[in-house]
Amino acid sequence: MASHVPPFLFSKNQSIKLYLLKLSKKYRIILLAVCLLLGASAAIIAGETLLVKTNIFSQTKGECPGVKWINPVDTNSLKYPVEVTGDLYFAGERVPLADPDVKERLERELLINTNWHSNTLLCMKMANRYFPDIEKTLADSGVPDDFKYMALIESTFRLEASPAGAAGFWQFVKATAEKYHMEVNDNVDERYNIEKATAGACIFLKDAKDKLGSWTLAAASYNMGLGGMMSRVREQRLNNYYDMYFNPETSRYVFRMLAMKIIFSDPKKAGYLVQPDELYAPYKYKVVEVDTGIANVADFAARFGLKYKHIKILNPWLRDAMLNNKSHKLYQIKIMEP
């Protein structure tokens, strides 16, 4: 049996090549495996280093070498990325936050609403006033409580009409409002009656839920229309909002509600420090039933020791300075109390 000379006995002048030739096949295979292993490790390390270093800031760093900050930004007011994790539900239906597309769409709305301070603060103040009445109507109608955020994102509780003619907290167009038992004319517009408009929205949502199979799709259909949503379900052969492709507005719609729900659930974590007494209190009122016309709202208000604005604020559905009630319909008018 041929003996093998240990590597340390080679003279310095002997070549590595000669040594490899003298090695047995067994040793050559072992050495080759070690080299391959070392090479693979180096490649993995290099790859990991590349992944760590390759980002937008590594590429843009130093692009403005001639610019100097005169007043450095206060590090106490640094902005951080907004990100949430854990379990999130809308109307009892789980939001798949593990889906990267879902995560990005939610983060977009969180970034907007955590940094749009004036709008979000006003939403908080106004919601304290109007959520109780909306929540009651939703509960009475059997619609999940989360839909109160729909009224919030639709109108931010401002009684304004859209360019398309949608009006009220729930932004109904005239034809749809009349379909859901609201009176709409120059004298009376019940799209501005919070209870009746919420009740109308509940009818729509329950019908959409029955046809589409989920509250989330029902919510999205409020934005794009029930017929449009049913067409998308057929076209895409899917019935899960988070898996489907929509136009930008509908794609954002449910996530706008989810962002507000997250912010309202813990305002301080979202960067808002609001004291209870800084929120707008719900109006106190009693209800008076009227089945005749009102010749002058100001005179009607005076009967209760109130001003004209006190009637109009609580009853914005009265669109004129008088109530023309030739049919002797029974109306409920809210009378403000101290």
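Is Asp 146 buried or exposed? Asp 146 is buried, because its relative accessible area is 12%; here buried means under 20% relative accessible area, exposed over 50%, and partly exposed in between, with a 1.4 Å probe and protein chains only. Before we go further, please keep in mind that this is a predicted model, in which local features need pLDDT of at least 70 and side-chain atom pairs count only at pLDDT 80 or more, while totals for chains, interfaces and linings use all residues. Residues are numbered from 1 along each chain as its sequence is written, and side-chain values use heavy atoms, with hydrogens and water left out.

Let us stay with Asp 146 for a moment. Its side chain and that of Lys 261 meet in a salt bridge, at 2.8 Å from N to O; the term stands for a side-chain nitrogen of Lys or Arg within 4 Å of a carboxyl oxygen of Asp or Glu. The pair links distant parts of the chain, 115 residues apart: Lys 261 sits in helix 11 (residues 248-265), and Asp 146 in the loop between helix 5 (117-141) and helix 6 (148-155). Helices (H or I, at least four residues) and strands (E, at least two) are DSSP runs, numbered from the N terminus. Lys 261 counts as partly exposed because its relative accessibility is 22%.

Another salt bridge joins the side chains of Asp 145 and Lys 148, again with an N to O distance of 2.8 Å. Asp 145 is partly exposed at 34% relative accessibility, whereas Lys 148 is buried at 10%.

Stepping back, the chain has 13 helices and 4 strands. Of its 338 residues, 37% count as buried. Among contacts with a separation of 6 or more, 61% come from residues 24 or more positions apart, where contact means heavy atoms within 4.5 Å. The salt-bridge count comes to 17. One of these pairs is Lys 103 with Glu 83, at 3.1 Å from N to O. This pair too links distant parts of the chain, with Lys 103 in helix 4 (residues 100-115) and Glu 83 in the loop between helix 3 and strand 1. Glu 83 is exposed at 55% relative accessible area, and Lys 103 is partly exposed at 29%. Elsewhere, Glu 183, Glu 190, Lys 196 and Lys 329 are linked in a network of salt bridges.

Asn 187 lies in the loop between helix 7 (174-179) and helix 8, and is buried with a relative accessible area of 10%. A polar atom of the Asn 187 side chain lies 2.7 Å from the backbone nitrogen of Asn 324. Leaving aside neighbours within four places in sequence, Asn 187 is in contact with several residues, including Trp 317, Arg 319 and Met 322.

Ser 214 belongs to the loop between helix 8 (194-212) and helix 9 (215-224), and counts as buried at 12% relative accessibility. The Ser 214 side chain reaches the backbone nitrogen of Leu 217 at 3.0 Å. Beyond its neighbours within four places in sequence, Ser 214 is in contact with Glu 93 and Lys 209.

Methods: Polar contact = N/O pair within 3.5 Å; in protein donor to acceptor, adjacent residues only side chain to side chain.
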